[in-house]
Amino acid sequence: MDPALLREREAFKKRAMATPTVEKKTKTERPPPPPPSDDSKRKMRPPTAPKLDATTYKTMSGSSQYRFGVLAKIVKFMRTRHQDGDDHPLTIEEILDETNQLDIGQSVKNWLSGEALNNNPKIEASPCGTKFSFKPVYKIKDGKALMRLLKQHDLKGLGGILLEDVQESLPHCEKVLKNRAAEILFIIRPIDKKKILFYNDRTANFSVDDEFQKLWRSATVDAMDDAKIDEYLEKQGIRSMQDHGLKKPVPKRKKAANKKRQFKKPRDNEHLADVLETYEDNTLTLKGVNPT
C-alpha cells in the first residue's frame, strides 16, 4: 500500500478524534397501556334515556300535546256520529271504547270528563254530567227543520246560513239538500269563496226590464260610504231615503217629579209668636165692632 495514503489516513483519524461530537439517543418505545376493566367501562358509559314505546307514550299524562290529540279525536268522532244520525249521549268509557283509546292514563281520563269535554263548544254534557253528545250550530234534524230555519232568517232579515254549518248540524245533509234544491238558493261569497244558503221565496220573483238592469249595474257605490250617498241624494233633491236605515237612539230626558211646594215658616220671629197671636185676635175684634 502507498505510504502516502497511510499517512493521510492516520492524520484523518487524529483530526476526527480531536473534534468533539454529540450523540443522539434513540427514543425508547413505551409499553402500551393496559386495557380498561369492565368496571371502568361502566363508569365511562354516558347515561341513556329510556326507550319510548307505544304503551309508555300513551301513559305520559304530562304531555299537553297528547291530551289535546285525544280530545281532537273525540270531537271528530262525535261530529261524524251526529252527521250519521246518532245523537244519543255516551259516557266517557263508551266514547273511549269507540275511538280505541281505552289505554290512556287515569289523569287524562279525569281531565276529559271533568274539564275538557264540559268546556268544549262542540260538546254538550247531559244534566247529570256523565254523558256527552255533539253540540251542532243549529238544532235541525231533517229537511223541514232546515226550511223553517231558512224562512225565519229570511223574515227577520238575518241573511243566509253557511253551508258548512248546515253540513255540521244536519244529519244526511247531502241527501236533504238534493231533495230541497228548488227551495234553496246557493250564493258563493266572493271574500272567502264559501257557499251561503238562502230561502228561495218564489212570491218575490218578478221580471225586471233590461234597461233598468243596465242602469242598476252601471251605478257603482263601492267606494262611497253612507254619508257621501246621503250628500249626493240631497244635492239631487231626493229625500226619500231619510226614513230608511239605522236610526240613532235619542236619549230621553227624565222629567222632574212634581213636588208640592211647601212654604217655610219664618224663623226670625219665633220668640214673638204669642204677641202676634194676641195682635191678630185684637184686630179681628176691632173689625167686628161698629163705630158709634
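Predicted model: local features only at pLDDT ≥ 70, side-chain atom pairs only at ≥ 80, totals over all residues.
Residues are numbered from 1 along each chain as its sequence is written, and side-chain values use heavy atoms, with hydrogens and water left out. Helices (H or I, at least four residues) and strands (E, at least two) are DSSP runs, numbered from the N terminus.

**Helix α6**
- Helix α6 covers residues 106-119 and bends by about 50 degrees at Leu112; the bend is the angle between axes fitted to the seven residues ending there and the seven starting there.
- Its buried residues (under 20% relative accessible area, 1.4 Å probe, protein chains only) are Val108, Lys109, Trp111, Leu112, Ala116 and Leu117.
- Trp111 counts as buried at 13% relative accessibility.

**An aromatic link**
- Two aromatic pairs turn up in the whole structure; rings of Phe, Tyr and Trp (its six-membered ring) pair if their centres lie within 6.5 Å, and planes over 60 degrees apart count as edge-to-face.
- Phe68 and Trp111 have ring centres 5.4 Å apart and planes at 80 degrees, so they're edge-to-face.
- Phe68 sits in α4 and Trp111 in α6, so this pair ties together parts 43 residues apart in sequence.

**Strands around β6**
- Strands pair if DSSP finds at least two bridges between them; β4 (161-162) and β6 (195-199) run antiparallel, joined by two.
- Ile161 has Leu197 as its bridge partner in β6.
- β5 (184-188) also pairs with β6 in the antiparallel sense, over five bridges.
- Six residues lie between the strands of the β5 and β6 hairpin, where Lys193 takes a positive phi near 65 degrees.

Key
Expected span 1.5 Å × (residues − 1). Buried < 20%, exposed > 50% of the residue type's maximum accessible area, 1.4 Å probe, protein only. Phe/Tyr/Trp six-rings, centres within 6.5 Å; stacked < 30°, edge-to-face > 60°.
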